[in-house]
Structure formats: structure tokens, C-alpha cells
Amino acid sequence: PREIPMSSIAVLPPTLVNQIAAGEVVERPASVVKELVENALDAGGRRIVVQIEEGGSRLISVRDDGRGMDDTDLPLALTAHATSKIRSLDDLEAVQSMGFRGEALASIASIARVTLTSCTANAPHGWTLSNEVDVTACKPAAHPQGTTVLVRDLFYQTPARRKFLRTERTEFGQIDQLMRRFALAHPTVGFTLEHNGRRLFDLPPIGPDQLSEQFPARIAQMLGEDFLTRARFIDSTASGLGLTGWVADPSYARSSTDQQLFFVNGRIVRDRLIGFAIRRAYADVLHHARQPAYVLSLNLDPRHVDVNVHPTKAEVRFRDGRAVQDFLFREIHRALAVGADPGVGDAAA
Ligand code: ADP
Ligand code: MG
């Protein structure tokens, strides 16, 4: 066996560090879309337009009308561990933004051709920057307030990763599912999705005071009319926990988990214990081989949930997981009981 000499420790060059980090964050084109849309949301975007070519391996474009970046911030956006979202460990403990690691754009730029174009409010013009030219030099550019990020030729430098990409159809399917989740987690934001020039959906933003009238239509468009007509509405709070959303009637149950959407403080989360608590609430009314369908948003003090568990932030850890599970179980169980007995109430209530 080859012996590695003691003196062989070396600090890795930044590009390689970023490429290693990209391995964790960017599994496929949908992972890039997730990071860019989260950035657009963090920037306060009200309309987010996502354009995809060839399943995302050729082009991913995300445009927002958020606060934008100026020519000092733009080069920093592509620098690893550079973020505008936290400054201290205290900030991290209470983080409300989707991002905080300052890693996504640097990682993506290490494995794809990236162009950022951005403009802040009241600036005379915007700025553009590309890692194909010079990541430190911004050039003036025309852009309305907000940001456009173009990601071209994903994985062109890491052919091993590129080989793991599935068909264009499969990769786009992942992006489509993700975008539907975002659209349901953030109803006040408008979302547009296009693939190869074809428009999949174009959802206008919903005013906060119009949610009760207009959100159901968005749900129906994203999940189907059938889901909505057979779903029960939940809106309750108890000891610092808030739950709003819809749980589908057991008769609507599906064979797959594709309509299990759960958000924690606006984050798309997959949590085994949450899934388990919800299943338990359905236990006496659902055949064990069937899957419940739901769109639920849980809101709580960000200090009571740790989002820094996993690089993609798909997992979270609750300070009091037991209380969260009990709350979910109780509220969903109650919602499902309403109308189960024809004498008790109206299923649509
Ligand atoms: P993070 O989101 O964890 O801070 P990113 O690498 O995703 O890290 O982004 C780095 C920084 O670039 C962000 O903190 C933000 O200041 C800026 N940025 C990225 N995308 C946008 C955007 N769409 N609009 C405004 N600023 C952005
Ligand atoms: Mg980010």
C-alpha cells in the first residue's frame, strides 16, 4: 500500500473546496432551483420566474423582483461563506431566512457557468457578473429592480455527476414538484414556471387579505380540484404552535406520498417524526397501505427549531418534538373527525 508521508497535509484550493461543498448541496438540477428560489424569497421577491431548458442541465434561470444587489455585494454573492443573512451565532439560533450558510452560489459557480445580473431600488442601472469572465469585475447592465441568476451547463466540470442525471423528463419532473411546493408554501408570492419555452403555470401573487378567497384556487391548480373538494381546512394555534392548511379526507388517500406537503416556517421540510404523527392521526380512518394527502404549514418561534441540521435544510430538529407531534396529532385527528359522522357537522366546514 502506498504510504502517505506525514508532511502531506495541504490546504485545498478554494475552487476544490467549493466543488466538494457542491457535492452536498447540488445533487441535481432541482437542488439548484431550490437554492435560487430560496434566495429570491429571502430577497423579498413578490414575483419569481423560473425558466428551464433541457431539464435544467442546459439552463436554469431564476428572476425575482426583490431588493437586488449592488456592485459591492455582487462579487461577494459568489464567495463561499459570504452571506447577508446572519452575523453571529445568536442570529443563527433565531434565523428566519431560508439561507444562512453563504455557500449555495459559490458551490453552484464551481460546477456550472453562472451569470448574476441585479439592480437595487432607485439605482440608475444594474450590474452583471459572470464566472465565465471574471468573478470580481462587475459590468453595468440593464435590469429592473431585482435579480436574475442564470446557471448554464450544470456539472460540465464534474462529468461523474453529470452521468448520474436522469432523463430530461425526470429531472424536470423534480423541478415541477418542487415549484408546486414553493407555490403552496408561499401563497403571497407569484410563481411562473417554464420548460423549453412552454409555460407550465403562472400564478399571480395573492394579497395577504385575499388569502381566504384566492388560496383555494391555487391549491386546486397545484394539486387538483379533487384534493380541494375532499379536504378539510385547519387553522389553529396552541402554546406557541400554529397550524394552517388542508388535510384530505381518507377517501382521497393515495398510493404514493406525492401529496404530502409540510412546511415549517415557510421551509419545505421532510421529517420522519412529523410524517409519523400525521399518519397516526389518520390511523383509524385510513387503510394502512394508503397514503394521506395534506398541505400543512406549521409556524413557531424560530428559536424552537434548529434548521442547521443538514446542508440542504430539508430536515429540522424541534426543541420539543413531542409537543409538536402531539399538537399535529390532536389537530388533524379532530379535523378528520368533523363530518365523519353525518350527524356531527359539515365536511366542508
Ligand atoms: P445564503 O443564502 O446562505 O446567504 P447564497 O450563496 O445562497 O448564501 O447567497 C449569498 C448571498 O448572495 C446572500 O446572502 C444574498 O445576500 C445574496 N443573494 C443571493 N441571491 C440573491 C437574490 N436573488 N437577491 C438578492 N440577493 C441575493
Ligand atoms: Mg441561499
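Predicted model: local features only at pLDDT ≥ 70, side-chain atom pairs only at ≥ 80, totals over all residues.
Residues are numbered from 1 along each chain as its sequence is written, while chains are lettered from A and ligands numbered from 1 in the order in which they are written. The protein chain holds eleven helices and 15 strands, where helices (H or I, at least four residues) and strands (E, at least two) are DSSP runs numbered from the N terminus.

**Overall dimensions**

- The radius of gyration of the protein chain is 22 Å, close to the 20 Å that the globule rule gives for 349 residues, so the chain is as compact as a globular protein of that length; the radius is taken over C-alpha atoms, and the rule is 2.2 Å times the number of residues to the power 0.38.
- The C-alpha trace of the protein chain spans about 70 × 60 × 45 Å along its principal axes.
- Buried residues make up 36% of the 349 in the protein chain, a residue being buried if 20 or more other C-beta atoms lie within 10 Å of its own, exposed if 12 or fewer, and partly exposed in between, with C-beta atoms placed from the backbone.
- Among contacts in the protein chain with a separation of 6 or more, 67% join residues 24 or more positions apart; two residues are in contact if their C-beta atoms, placed from the backbone, lie within 7 Å.

- The protein chain is divided into domain 1 (14-203) and domain 2 (224-337), with bounds that come from an automatic or database domain assignment.
- The C-alpha centres of domain 1 and domain 2 lie 28 Å apart, and 13 residues of domain 1 are in contact with 13 residues of domain 2.
- On the side of domain 1 that touches domain 2, the elements that give two or more residues are α1 (14-25), α4 (89-93) and α7 (168-185), and the largest share, three residues, comes from α7.
- By class, that side of domain 1 has seven nonpolar, three polar and three charged residues, where Ala, Val, Leu, Ile, Met, Phe, Trp, Tyr, Cys and Pro count as nonpolar, Asp, Glu, Lys and Arg as charged, and the others, Gly among them, as polar.
- Ala185 has its place in helix α7 and counts as buried because it has 20 C-beta neighbours inside 10 Å.
- Leaving aside neighbours within four places in sequence, Ala185 is in contact with Phe263, Gly266, Ile268 and Ser297; Ala185 and Val295, 110 residues apart in sequence, are 8.5 Å apart in space, C-alpha to C-alpha.

**Strand pairing**

- Five strands form an open sheet of mixed pairing in the order β9-β10-β13-β11-β12, with two strands taken to pair if DSSP finds at least two bridges between them.
- At the edges of this sheet stand β9 (231-238) and β12 (267-268), each with a single partner strand, so one side of each is left without a neighbour in the sheet.
- β9 pairs with β10 (residues 241-248) in the antiparallel sense over eight bridges, with Ala231 opposite Ala248 in β10, and the hairpin that β9 and β10 form has two residues between the strands, Ser239 in the turn having a positive phi of about 35°.
- β11 (residues 260-264) and β12 pair in the antiparallel sense over two bridges, and Phe263 stands opposite Ile268 in β12.
- β1 (residues 47-53) and β7 (residues 190-195) run parallel and are joined by six bridges, with Glu194 in β7 as the bridge partner of Gln51.
- β7 is also joined to β8 (residues 198-203), antiparallel, by five bridges; Thr192 stands opposite Asp202 in β8, and Asn196 takes a positive phi near 50° in the hairpin of β7 and β8, which has two residues between the strands.

- Leu116 is found in strand β3 (residues 113-119) and counts as buried, with 26 C-beta neighbours inside 10 Å.
- Beyond its neighbours within four places in sequence, Leu116 is in contact with Leu74, Ala77, Thr128, Leu129, Thr147 and Val149.

- Of the 22 residues around ligand 1, Asn39, Ala43, Thr83, Ser84 and Gly99 come nearest, a residue being near a molecule or strand if its C-beta atom, placed from the backbone, lies within 6 Å of it.
- The elements that give two or more residues to the shell around ligand 1 are α2 (29-42) and α5 (104-109), and by class the shell has eight nonpolar, eight polar and six charged residues.
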